[in-house]
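User: Please pick one part of this model and give me a close, friendly tour of it. I would like to hear about its surroundings too, with the cut-offs spelled out as you go.

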Amino acid sequence: MKTYKAENYFHEGLEFSVRHVTDFSAEFNVNRRFKREFWKITFIVQGSGRVVINDRMYPIGVNSIYLVHPNSETTYDMDSESMELYNILFSRNFIERELCSLRDIYQFFTIFSPEFNQKTNASIYVQKSTVEIKRRVLEIAHEYELRQINYRPYLESSLTLLLIQMLRESEKSFRGKGAKAMIPEYIMHLLQSNLHAETGAEQLAGSFGITPNHLCSVFKDATGVTISQARIKTRLHAASELLETTDLPIHEICFRCGFNDLSYFYRLFRKHFGTSPLRFRKNGLD
């Protein structure tokens, strides 16, 4: 796996870069993956196919835009011989101040959180761009190339506005015709990226502008389980990973994974895995 190094793209103390490139299908396949030491927004100018992010595949084409975490493994499965695109590369530090002030009803900005789970990268980060988003991307590329006076704060502000526009488009998707497909995926993303998130049906339904009964029905039809069952399973699997990979005390793992009662955690863990947390740590699953 190839890892793109920040030092090859960030220069003069500027943790930001824009690349206008053409990628060719011969250079990519679903088995060859890439990672990077920075966040990346990609805007497709020409070409079509699919972008692979971790173990999920998303269709992309002209005017598609997507945001990728540094730890995500990515590649392309192209239908066209090549794709012309803009890559906007940046560190979290570059927009740290701006991120702290943003409201985030749909958890869009959890991708910048240390707790973000790469395996659950939801499709809210892969979108069809609007005219405004396209204009913003081209504006950022132009400003980066010219580098006129005060170009650094200009780029910081422009990147923040681009991310806000992407957040707003994801919000529209939840309320539009694609909601039935996106809502279950988003809820799973929310459960997995924030183990302490408030994920009651009433609260979530209010965010999406639908009734709790409709929300629960859509989720169960898509996943085969209730939101409550999905929440418990997600937290238990997070706990099992911590038991396998850390020496944290079991009571701390319990609370880190969203459980408020240790005996309840033990009971659920034994029921799900067939063994206690302590024996699981010692022996794993038989």
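Analyst: Happy to. Helices (H or I, at least four residues) and strands (E, at least two) are DSSP runs, numbered from the N terminus. Please keep in mind that this is a predicted model: local features need pLDDT of at least 70 and side-chain atom pairs pLDDT 80 or more, while totals for chains, interfaces and linings use all residues. Residues are numbered from 1 along each chain as its sequence is written, and side-chain values use heavy atoms, without hydrogens or water.

Back to the helix. The covered side of α2 is made up of Ile-133, Arg-136, Val-137, Ile-140, Ala-141, Glu-143 and Tyr-144. Down the axis of α2, these buried residues fall within an arc of 165°, so they line one face of the helix; the arc is that of the directions from the helix axis to the C-beta atoms. The background is simple: an α-helix has 3.6 residues a turn, so residues three or four places apart point the same way. The length checks out as well: α2 has 16 residues (131-146) that should span 22 Å, and its end C-alpha atoms are 23 Å apart, which agrees. That expected span is 1.5 Å times one less than the number of residues.

What happens just after α2? Arg-147 takes a positive phi of about 55° there. The side chain of Arg-147 lies over the face of Tyr-144, 4.3 Å from the ring centre. A charge sits over a ring if NZ of Lys or CZ of Arg is within 6 Å of the ring centre and within 35 degrees of the ring normal.

Five strands form an open, antiparallel sheet in the order β2-β9-β4-β7-β10. Neighbouring strands here are turned by 20° against each other on average, direction ignored. Two strands pair if DSSP finds at least two bridges between them. β10 is joined to β7 (residues 64-68) by three bridges, and the two run antiparallel. Within that pairing, Ser-64 stands opposite Lys-128 in β10.

β7 itself is well covered: five of its five residues are buried. Ser-64, Tyr-66 and Val-68 point one way, Ile-65 and Leu-67 the other. Four antiparallel bridges join β7 to β4, where Thr-42 has Tyr-66 as its bridge partner.

Another set of strands is worth a visit. β5 (residues 49-53) is mostly covered, with four of its five residues buried. β5 pairs with β6 (residues 56-60) over five antiparallel bridges, and Ile-53 has Arg-56 as its bridge partner. β5 and β6 form a hairpin with two residues between them, and Asn-54 in the turn has a positive phi of about 60°. β5 also pairs with β8 (residues 74-78), again antiparallel and over five bridges; there Val-52 is partnered with Thr-75.

Finally, the aromatic rings. Rings of Phe, Tyr and Trp (its six-membered ring) pair if their centres lie within 6.5 Å; planes under 30 degrees apart count as stacked, over 60 as edge-to-face and the rest as tilted. By this rule there are 19 aromatic pairs. One of them brings together Phe-10 and Phe-38, with centres 5.5 Å apart and planes at 55°, so the pair is tilted. Phe-10 lies in the loop between β1 (2-4) and β2 (16-24) and Phe-38 in the loop between β3 (34-36) and β4 (39-46), so the pair ties together parts 28 residues apart in sequence. Both count as buried, Phe-10 at 13% relative accessibility and Phe-38 at 3%. These two belong to a cluster that ring pairs build from Tyr-4, Tyr-9, Phe-10, Phe-28, Phe-34, Phe-38 and Tyr-76.

Note on methods: Buried < 20%, exposed > 50% of the residue type's maximum accessible area, 1.4 Å probe, protein only. Axes fitted to C-alpha atoms, helices over the stretch in contact; angles between N-to-C directions.
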